[in-house]
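Colleague: I've got this one open on my screen. Walk me through it, starting with the ground rules.

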Amino acid sequence: MNEGRELDEFTAEVLRLYLVSTVREMVVTTVRTAYSTCFAEGEDFTCGLFDAAGKMVAQDQGVAVHTGGLQDAVGHIIEMAGPIEEGDVFIHNDPYRGGTHQADVLVCRPMFGQGELLGFAANRGHWSDIGGMAAGGWSGGAEDVIQEGLTIPAMRLMRRGVVDEDLRALLLSNARLPRQLWGDLQAQVASTIVAERRVQEVVERYGLPGYRSAIEAAISYSRKRFLAALEPVSEATVEAEDFMEDDGRGNGPLRIRVALTKSHGRLVADFAGSAMQATAPINCSFACTKAAVIVSVLAVLDPQVPLNRGVIELVEIHAPEASLVNPSYPAPVFGSPGDPTHRVAEAVMRALAKLVPGRVPAMSYASGQNVTGAGKTADGAEFLWYSYQAGGCGGRLGSDGNSAEWHVMANCKNESMEVWETRYPVEFVRFALIADSGGAGRWRGGLGTERSFRLLADTRLSATSDHHLVGAVGSDGGQGGLPNGFAVERAGIRRSMQDLFNLPSPSKFSNLPLLQGDVFVSIQGGGAGYGLPSDRDPDGLLADVNCGYITPEAAATDYGSRELSRATS
Amino acid sequence: LNLGVDTGGTFTDLVAYDPQLGKLVVSKELNRGQGPRQDLAAALESAGIDRDDVQDFTHGTTKVTNLLIERAGAKVGLLCTRGFRDVLEIQLSYRKRPFDLFYVKTPPLVPRHLRLEVGGRIDAKGRETDPLDASEVRRAIDELVANQIEVLAVALYNSYANPEHERRIEKIARDMGVTLPITLSTSVVPRIGEYQRVSTTVLNAMAVPRMEEYVDDLNTAIRPPILYMHSGAGVLPAAEVRIRPIYLAFSGPAAGALAGREVARQVGFRNAITMDIGGTSCDICVIWNDELRYRDEIEVDWGIPARIQSLDLHTIGAGGGSICWQDTGGAMRVGPRSAGAVPGPACYGHGGAEPTVTDANLVLGIISPDGLLGGRLPLQTQAALKAFEGLAAKFQVSAEDAAKGAYSIVNANMAQAIRQVTVQKGIDPRLCALIAFGGAGAQHATAVAEQLGITNVVIPAHGSVLSAMGLLSADISITSVRTMLVPLEELQSERVQNVYRELNEDALRRLGTTNGSEMSAERFVGLRYVGQSHMVPVNAAGDLQAVAERFENEHERLFGTRLGDPIEVVDCWVTLTQLRPQSKQVWKLLSDGASPAVAPRPRRLVLEDAEVPVFWRADLKAAVQGPCLIEETHSVTYVPSRAQAHPRRSHLVVELG
């Protein structure tokens, strides 16, 4: 055993890898023990390790949007906790104190070794339900945060290793699917046990000073690497904006404006000039705003920088209070991780494009397209499904955008449709790429997707989405992508949800009654093009037409290819 | 003569033994790239074996793996259910590098114009809700054939619940006079999960035409029927390989892991981790309670799964040729880029200038400056030092310190992979022995073990041809599987029992004629708590209570929880096994290798900062205390201070203090 001294730089690097691997083990443990498809197949959760002061040391590149406020949430828990003891486990989801939105529930375990607080292990995961007016959340009609679901302030779920049964009863009485919820929560807790064990092993072997120098190595590695990526960027202030197209009540568009300044090895993002907060779930909780800024900055400058305090401290974020990107209680925020986060990220990336030309793709479909359906089957059993889907990403300098791929702020696995059919009263009709949905360009946008299924029972539908009126916008002469959409096929006729129910918004609604036999159509749009369509390589265009990614008509109109329109006429 | 031949990307390894004479011959020969028949002939010739003496031939090959990874398979035409042809291209929509804006998604296995849709629908309960339109099917097949496909794949939606439509399509194609090979998804993987099923089906189809040629070519080379190692560490008859070559995706590493278990048994460990380190990669497999661990899905490329029964093997890009470099955050990185065989590590003197793991080990004194392969490959210490001086300058340390750093970081990468593999299975690596082989295994084994808290390391005899030894240890085994979504209570029902009987018959039929020795059939069932996503496989023998108990025990072992909730069946399968007791006799014939003409000299080992004794493995008759090095023809074992090395039944066991 080591008596504990500072480590040489290579040993510290070995331990840094060990911390990263510990976070991976947390992820694996969660997947293997989870109950919901959302956790186990969708992997809609994120794990991280924090030092004793609650500052982030290591995290997995899980769900980007979960990352931003993790450190704030852990900090808030420390502030509220009072004396922390071994075996305590905290739970938290308050979107006004470091939380993203109520469905993302954080489980946080203080880790102890040699009688000292070593740090914290945290796991933030998307629960399939957290109460509120719409089953599964995503209630487009909510007017305040209370309607959206249960808010859990920083509380002890376990005290010295013993579950607080009162709290358990309270939680389980306030959400649908309590059994699944408890199963997922156990998975989150299990992952933090693994983390504590691993960190204790480091301390046993290298002593406390050794462990601390490993943490220091992790933070300084990220800082150095980020500074190296930032160094060549010229010192300047650039501005850009993007919009939430409506608030679900007929108001909009709502501006998100960012001024990005690089100076003295730091980046400052200032959102002054953004719209005031809305009385609709299109606000971006501050944790989500932070995540969107940090992730998009890393994605553009160096996607391999491990995210931790070393980076977070070099990116300053200012947002006016009571604004769309830093709302004040009790503005609704459930939609935050879906569309508002994507819009903030796009605004930041548009600004970055002015600082580092050629390194930012054209815009993506960029919507969560989050939909939930709930009801009862013929035999009286309650059901609740949660649907999300990827679309087309923007074209880039040198390559077309990816089709059916997540935007940078999200990354989930498609769930099996066959499995869905054994669990929920639905029957899939198609899951397909949409021809011509990618914006034309020298490098075209990726194709969007249509995912349609027949409802085998009456179903109440809730959704929050965006980009249904205007699609992704092209870069450097590229054209826009197909917007997103919701529609219903009833008796063979397809109508948009907005039209069918006479809604003020095409993309934000709660508890709309669809009937058994209806086909629900969810369209996730395409990415935008990059560069002039006329510069597209003719062979590439021909291949696209052969594969049906581009129709001959669009080849003629969007790309001006006379040859192709003649060849197919 | 019993023959085991393992053909990798570069070498063909051969083990032959004569049960009457008790004679063992091993050889290692460079491939010539003129097909399996030629490679076999060359290997036989170099080992001095007459092909007519061979009575029993077991073969492992990386052919399928390479075909799939290099996308060098056949041109596939795919028929899908209307509305679902893009499932293969959409994949899981899951990015490999989440923050990378320039990430390019893995291209689809079949281009879109060769994926055609047909009407007809089976529902989730297996009922036909929309009939197949034969004329539409014929039109689609005509179109694919006109596009000069080499093989037809059929993967219909919900077909796991009822294979009827897929079978009718096959019949229609044959009635049309189509002679191309056809792969039906329900004949390769009749399990729920449309994306994994279509991906597996297409991967299989890609390999069929090439493996038909391969098998037929090899059949002409030798008289006895050839058995092929599959990914699940059993062997299959050639006829099965021609139809379902995807089962061979991990043929090579599976044999190594199987041999690792034999070694573990011989030296008395029931829990072990095998680690096979070559020039570019490191394969890891876990043995728990004398059982190899399995998985039911592998990944051929990012997001491209194959649902086949396979050993739970994990591969990382770390080996002797892995290149050491500094990244933009100022940290040392090792791999995954490799110097390969050409130019190879700097010390080979073939023009390589970048520092590699082999160079580091030479600088550190682990590898002898006299060279590898018993001196047949001389090494240039100066070149290795020079390569490391360049890297060391960036860290402002000495070349020796940089080499030490590279050594500990590549070991950390391997330890990290082992940690992840074991935790996934709910296994504590400290309770396992580490069995290390392959060219570089013994050089790193003790250091990796130390990082993991493992106290026993085993360096097997014949470590450089261990996979070929594993071939001779394999029993014939074949698995037949089907998804059956029912509550556990129905496991004993007539319906489910009928399915087991059908699976048994299917497996028997696929096994074909056999050597007549005893055959055993085991029934398995994949279970989960209602609502979960992942199933836990358990033996289906015994009454319901016994099965439920087995599941809950396994669930607790894997996940730490025992929920007492309702349980449901996901998949049923039957594994037929036929033992091959005779070929396993090879393990009784192990030797300690040859002694060199000159005794090895002590040399300076940087890791110990001292000159340490060097022993020749064949001469080792009693335990030796570390620090020391133990040399043999193809490898060298580093025994650190506070460790002891014991020869045990020709193997070497290193106990770490």
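Modeller: Helices (H or I, at least four residues) and strands (E, at least two) are DSSP runs, numbered from the N terminus. This is a predicted model, where local features need pLDDT of at least 70, side-chain atom pairs count only at pLDDT 80 or more, and totals for chains, interfaces and linings use all residues. Residues are numbered from 1 along each chain as its sequence is written, chains are lettered from A and ligands numbered from 1 in the order in which they are written, and side-chain values use heavy atoms, with hydrogens and water left out.

Colleague: What average pLDDT does chain B get?

Modeller: That score is the predictor's confidence in each residue, from 0 to 100. In chain B, 97% of the residues score at least 70, and the chain average is 91.

Colleague: Let's start with a helix. How far apart are the end C-alpha atoms of α4(B)?

Modeller: The expected span is 1.5 Å times one less than the number of residues. Helix α4(B) covers residues 134-146, so its 13 residues should span 18 Å. The model agrees, with the end C-alpha atoms apart by 18 Å.

Colleague: Over to chain A. How many bridges join β4(A) to β5(A)?

Modeller: Two strands pair if DSSP finds at least two bridges between them. On one hand, β3(A), residues 89-92, pairs with β4(A) in the antiparallel sense over 3 bridges, with A:I91 opposite A:V107. On the other, β4(A) and β5(A), residues 116-126, also run antiparallel, with A:R109 opposite A:A121. The bridge count for β4(A) and β5(A) is 10.

Colleague: Which residue in the turn between β4(A) and β5(A) has a positive phi?

Modeller: The two strands make a hairpin with 2 residues between them. The phi in question is about 50°, and it belongs to A:Q114.

Colleague: How many of the residues in β4(A) are buried?

Modeller: Both faces of β4(A) are covered. One side includes A:L106 and A:F112, and the other includes A:V105 and A:M111. Out of the 10 residues in β4(A), the number buried is 10.

Colleague: Aromatics next. What is the angle between the planes of A:W385 and A:W420?

Modeller: Rings of Phe, Tyr and Trp (its six-membered ring) pair if their centres lie within 6.5 Å; planes under 30 degrees apart count as stacked, over 60 as edge-to-face and the rest as tilted. There are 18 aromatic pairs over all chains. The pair of A:W385 and A:W420 is tilted, with the centres 5.7 Å apart and the planes at 45°.

Colleague: How far apart in sequence are the parts that A:W385 and A:W420 tie together?

Modeller: A:W385 is in strand β13(A), residues 382-387, and A:W420 is in helix α11(A), residues 417-423. A:W385 is buried at 0% relative accessible area, and A:W420 counts as buried at 2%. The pair therefore ties together parts whose separation in sequence is 35 residues.

Colleague: Last one: where does B:S185 sit, and is it buried or exposed?

Modeller: B:S185 lies in helix α6(B), residues 185-188. Leaving aside neighbours within four places in sequence, its contacts include B:V154, B:E166 and B:R197. Relative accessibility for B:S185 is 0%, so B:S185 counts as buried.

Technical notes. Buried means under 20% relative accessible area, exposed over 50%, partly exposed in between (1.4 Å probe, protein chains only). Contact means heavy atoms within 4.5 Å.
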